[in-house]
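Please read them with the structure open.

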Amino acid sequence: MAQAAMRAKAQPEKRLGNRTVDALSKLMNAKKLPQVISACSTLEISTRLSPPCCAAFASGGAASIVFKHMKTCNRSTPHQEVLKSTLIVLNNVASRGPSIIQDMLHVQPSSNIEGGVEDAIEVLTEMITVFKDNESIFEQTVKLFERFLLVDGEFQRCLNEHSEIKKRLVATVSFLEKKYSVSASESSQTKKASVVKSSLGKKSISQSKLLQSALKLKALVFV
């Protein structure tokens, strides 16, 4: 037992690898929300710390499994927490480089896992349009969208071929630009008590981050 503990301590990537395999298996077979949350919690850690775990995640078709679960989520608070976690995992993996992104988006036929580029575009577009008022989900989704778009040629081509998707993205950007430009104007003309000012200040920071992400998305879509 002591020797096993020493080996695990000396090679933490193996412990993470085993936990990643267990989490992916749990995610693939999850029937209830707590199982999904548990798996994502493990994957957040392993994909943040271990490049080999990210490579295994990408090459094993795990991104498609995650996208599948994201499709089933709604705007309820528990589901939003799942989405935040899955987006962190996907961004952790995608941050490892172009070859990893290619593996994430192009599922091997032999894996018997459904998914791919069009699936990713559909899910990310849904996240962007439905959660345009949620700073965390919106920002993480735009970040992932940007990583995919700048690296993968098929992702770019599919996006350009789907005019309805581009229209939805453009409409979302226009909505946020209009909403927060009006909010900024109203805020500058309104003077309230210091407590209210503090609350407005926090809200304006969140609005600013949403608008920054929207403008980033605008630059990508209008290319």
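1. Is T172 buried or exposed? The model is a predicted one, so the answer is a computed value. T172 has 5% relative accessibility. The cut-off for buried is under 20%, so T172 counts as buried.

2. Where does T172 sit, and what surrounds it? Its place is in helix 11, residues 163–189. Setting aside residues up to four places away in sequence, T172 touches I128, T129, K132 and F138. I128 also belongs to the helix 8 side of the contact between helix 8 and helix 9, and F138 to the helix 9 side.

3. Now the overall layout. The protein has 12 helices and 0 strands. Read along the sequence, the pattern is α-α-α-α-α-α-α-α-α-α-α-α. Of the 223 residues, 39% are buried. Take the contacts with a separation of 6 or more: 72% of them join residues 24 or more positions apart.

4. Helix 8 against helix 9. Helix 8 spans residues 117–130 and helix 9 spans residues 135–151. Their axes are 9 Å apart, and the packing angle is about 150°. Angles over 145 degrees count as roughly antiparallel, and the two helices are therefore roughly antiparallel to each other. Helix 8 passes helix 9 in a left-handed crossing. Which residues make the contact? Helix 8 supplies A120, L124, M127 and I128. Helix 9 supplies F138, T141, V142, L144, F145 and F148. By class, the contact has 9 nonpolar residues, 1 polar and no charged.

5. Helix 5 against helix 8. These two pack at about 40°, with axes 10 Å apart. Helix 5 and helix 8 are therefore oblique to each other. Helix 5 passes helix 8 in a left-handed crossing. From helix 5 come F67, M70 and K71. They meet D119, A120, E122, V123, L124 and M127 of helix 8. This contact divides into 6 nonpolar, no polar and 3 charged residues. A120, L124 and M127 are also listed in the contact of helix 8 with helix 9.

6. Helix 7 against helix 9. Helix 7 covers residues 98–105. Its axis comes within 10 Å of that of helix 9, and the two cross at roughly 100°. The range from 65 to 115 degrees counts as roughly perpendicular, so helix 7 and helix 9 are roughly perpendicular to each other. P98, I101, Q102, M104 and L105 of helix 7 meet R147, F148 and V151 of helix 9. The classes here are 6 nonpolar, 1 polar and 1 charged. F148 also takes part in the contact of helix 9 with helix 8.

7. How many residues of helix 5 are buried? Helix 5 runs over residues 62–71 and is mostly covered, with 8 of its 10 residues buried. They are A62, A63, S64, I65, V66, F67, H69 and M70. Two of these, F67 and M70, also meet helix 8.

8. A63 deserves a look of its own. It lies in helix 5. A63 has 1% relative accessibility and therefore counts as buried. Apart from residues up to four places away in sequence, A63 touches F57, L90 and M104. L90 is 27 residues from A63 along the chain, and their C-alpha atoms are separated by 7.0 Å.

9. A58 comes next. It lies in helix 4, residues 51–59. A58 has a relative accessible area of 1% and is buried. Leaving aside neighbours within four places in sequence, A58 is in contact with V93, I100, D103 and M104. Which C-alpha separation goes with the pair A58 and M104? It is 4.6 Å, for residues 46 apart along the chain.

10. Finally, follow M104 through the points above. M104 is touched by A63. A58 is in contact with M104 as well.

Note on methods. Residues numbered from 1 in each chain as written. Predicted model: local features only at pLDDT ≥ 70, side-chain atom pairs only at ≥ 80, totals over all residues. Heavy atoms only, no water. Axes fitted to C-alpha atoms, helices over the stretch in contact; angles between N-to-C directions. Helix = DSSP H or I, 4+ residues; strand = E, 2+ residues; numbered from the N terminus. Parallel < 35°, antiparallel > 145°, perpendicular 65-115°, else oblique. Left-handed = near helix turned anticlockwise from the far one by under 90°. Contact = heavy atoms within 4.5 Å. Nonpolar A, V, L, I, M, F, W, Y, C, P; charged D, E, K, R; others polar. Buried < 20%, exposed > 50% of the residue type's maximum accessible area, 1.4 Å probe, protein only.
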